[in-house]
Amino acid sequence: MTNFAICRISKLSTWGNIAGSGAHTYRHKGMAPNADPRRLGKNRTLVGRPDGVVEDVRRRVDELGPPRANAVLCVEHLLTASPGFFKGKTPAEVRAWADKNVEFLVERYGGKNVAHVALHLDEETPHLVAYVVPEVGGKLNARALFGGRDKLRRLQSDYADRFKADKLHRGVEGSKAKHRTVKNFYAALEETEDKARAKFEQLATPIPPPEASVLSVLSKERRASELADWEKRTKARQAQLVKAAGIAYETAQRLKRENSVLKTQNSALTASQDDLRARMAVLAAQLDLPKDEIAKLRKLNLSAVADRLGHMGVVNNGENAIDLVKRINGFEYAEAVAWLHAEFGAAGAASAVREHLEVAQPARPLTTSEKTIQRAVRNQLDALGCDAFRVSLISPDGVGAPFLPGKVGGVERFYTRADVENLVPYLRYENNSGRHVFVTPMDDDAYYVLVDDLRRTPEELQRAGYAPCLLQRSSWDSMQALFKVPRSQIFERQAVVDVFTRMNREFGDVGMTGLRHPMRLAGFRNIKAKHQRDGKFPFVRVISAVNRFCQLTLDRILQRQDELLPRPTPTSTPRRRPEPEETNDWAPPRP
């Protein structure tokens, strides 16, 4: 049976996250439901001080200077192997495997940055939990080390390569098994079996030889030709049978290998999710948040929440921060509130909720046209998934500075989605009076890359791997595409500017400048003189609107950022804690 080397990482951005992880690592009450309390004494601290995760990480972070508000403070590594690898291993052999893991971490990240490592022997499968401070060039920079799929794939490959001599293997690189649920796996297996069965049934009926009565009336040469043709077709059928059997066998073997990887990964992910749920349940029981604090958590910017969750997929219309955490993490309400509180804290939640203008609803009922515009605006802004917007009114010829309705007395305040909807009658009046209406997402947690005058169809974008959050027709013949990426993973703004410029040169407006570029507000007219046709101007129409991040755009930005950043250099080895004498009463788990 193939055994796999398993390396998982988790970014920890707050001291509360690190403390919660440390409480699990050192088995504080209720924090490790999968651990065997009778074997707690067998766990070992390999680097750092026992139960000193926060102190060890803080010591290294403090050496680097004050961290940014959104910095990843450390990256937790879970290092283990398939359960079968540990069968028959002595305690000394397990310890040698653990030491080899520490050597891998030191060589990769530098000794000073490997702040803490613990070996767990109280669960079914031995594993290490390591806390690495992501230092690059004297600064915290998790993105330079872990940003993008290529870096994570490289980490998995390098880790597996280190243990090749121990007969541990990497999971199938690039295999879709890692994206496949067990249900989908068996569906794929059943589909393969059905195709193989259909092919065999097609080839099952032998090709009959020419009838004797027909052969008897043919010439000698013609009989020989008919028999030779029959033999040729029979051999071809036999070859197809052999080929079909070979393909079915190879496919079945590949799916079995993928299934083995899938089960190992699912086991690790399930255990991790169970531990997280247990932590949140304990924290929820301890919390007694007032309603106003919960309301602040509910109003957290969805871009920030999706980023903390590591969720690149769709955020559903109408979801708030608590709803999103419940859906993605599978939490109950109280657990979701506890998770948000642990991630953002009361102060973070208060600072993340902006002060807005609070535009009152129109005093009169909306007209049919205004209701249509309001629906278009809602659809557009929901796709942006932001909690603050700037509205700009620009003269017909584009000359002069834009008028900002939210700027009064030199101080600008921004609008919520509901505010912008309530502004529709006023904005329609301004649009009919000859002004262009633009909107800009003022998102502290995401960048928006706008491609104007799009030169690709939506289908071509999809085939290329792009996932725009918004596609809209801005004139009769022009489209705009907007690509959203999480800001917390990006530390070099120039990388975003460079990719913004490249994408517009590749399939947009080559003259586009300025990263924070306003876009036309949906439902209003583009009143440029060149767009007038038969006395009419085109309305801005939404083609597709889905609140999501674009992984491909992010990967391009991170690749460019990697080109702009210095490379990490290994430093000295970490402080190793003297180990008590090994005892021989530990044994690997029984099969």
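**Aromatic pairs, cavities and selected residues in a predicted model**

Y109 has a relative accessibility of 5% and therefore counts as buried, the limit for this class being under 20%. With ring centres required to lie within 6.5 Å of each other, the number of aromatic pairs comes to 7. The rings of Y109 and F146 form a tilted pair, because their planes stand at 40 degrees with the ring centres 5.7 Å apart. This pair links distant parts of the chain, since 37 residues separate the two partners: Y109 belongs to helix α4 (residues 91-109), and F146 belongs to helix α5 (residues 142-146).

Ring pairs also join F85, F86 and W97 into a cluster. The ring of F85 has a charged neighbour, K89, which lies over the ring face at 4.2 Å from the centre. A further charge over a ring involves W15, where the charged end of R58 sits 4.1 Å from the ring centre.

Over the whole protein chain, 19 helices and 17 strands are assigned. The chain holds 591 residues, and buried residues account for 46% of them. Of the contacts between residues at least 6 apart in sequence, 78% join residues at least 24 apart. The accessible surface of the protein chain amounts to about 30000 Å², and carbon and sulfur atoms contribute 51% of this area.

Empty space inside the model was also examined. Rolling a probe the size of a water molecule over the atoms shows where such space is left. The search of the whole structure returns 2 cavities of 30 Å³ or more. For the second largest cavity, the volume is about 40 Å³. Its lining consists of L302, S303, A306, H311, G313, V315, K484, N547, R548 and F549. Helix α11 (residues 302-309) gives the most to this lining, contributing 3 residues.

F483 lies in strand β15 and has a relative accessible area of 0%, so the residue is classed as buried. When neighbours within four places in sequence are left aside, F483 is in contact with Y447, Y448, V449, V451, L461, Y466, A467, P468, M503, F507, C550 and T553. Between F483 and L384, which are 99 residues apart along the chain, the C-alpha separation is 9.4 Å. V439 is placed in strand β12 (residues 436-441). The relative accessibility of V439 is 0%, and the residue therefore counts as buried. Apart from neighbours within four places in sequence, the contacts of V439 are Q380, L381, F389, R390, P518, M519 and L521.

S478 is located in the loop between β14 (470-473) and β15 (479-486). With a relative accessible area of 17%, S478 is buried, because burial is assigned under 20%. Leaving out neighbours within four places in sequence, S478 is in contact with D453, Q472 and R473. L454 is 24 residues from S478 in sequence, and the C-alpha to C-alpha distance between these residues is 6.7 Å.

D51 is not a glycine, yet has a positive phi of about 55 degrees. D51 falls in the loop between β2 (44-47) and α2 (53-63). The relative accessible area of D51 is 42%, so the residue is partly exposed. For D534, also not a glycine, phi is likewise positive at about 55 degrees. The loop that holds D534 runs between β16 (519-520) and β17 (541-545).

Technical notes: Residues are numbered from 1 along each chain as its sequence is written. This is a predicted model: local features need pLDDT of at least 70, side-chain atom pairs count only at pLDDT 80 or more; totals for chains, interfaces and linings use all residues. Side-chain values use heavy atoms; hydrogens and water are left out. Rings of Phe, Tyr and Trp (its six-membered ring) pair if their centres lie within 6.5 Å; planes under 30 degrees apart count as stacked, over 60 as edge-to-face and the rest as tilted. Helices (H or I, at least four residues) and strands (E, at least two) are DSSP runs, numbered from the N terminus. Buried means under 20% relative accessible area, exposed over 50%, partly exposed in between (1.4 Å probe, protein chains only). A charge sits over a ring if NZ of Lys or CZ of Arg is within 6 Å of the ring centre and within 35 degrees of the ring normal. Contact means heavy atoms within 4.5 Å. Accessible areas come from the Shrake-Rupley method with a 1.4 Å probe; for residues, only the protein chains shown count as cover. On a 1 Å grid over the protein atoms alone, a cavity is a set of points where a 1.4 Å probe fits but cannot get out, and a pocket is an open set with protein on both sides within 12 Å along at least five of seven lines; lining residues have an atom within 4 Å of a point. Grid points are joined across faces, edges and corners, and a volume is the space filled by probe spheres set on the points.
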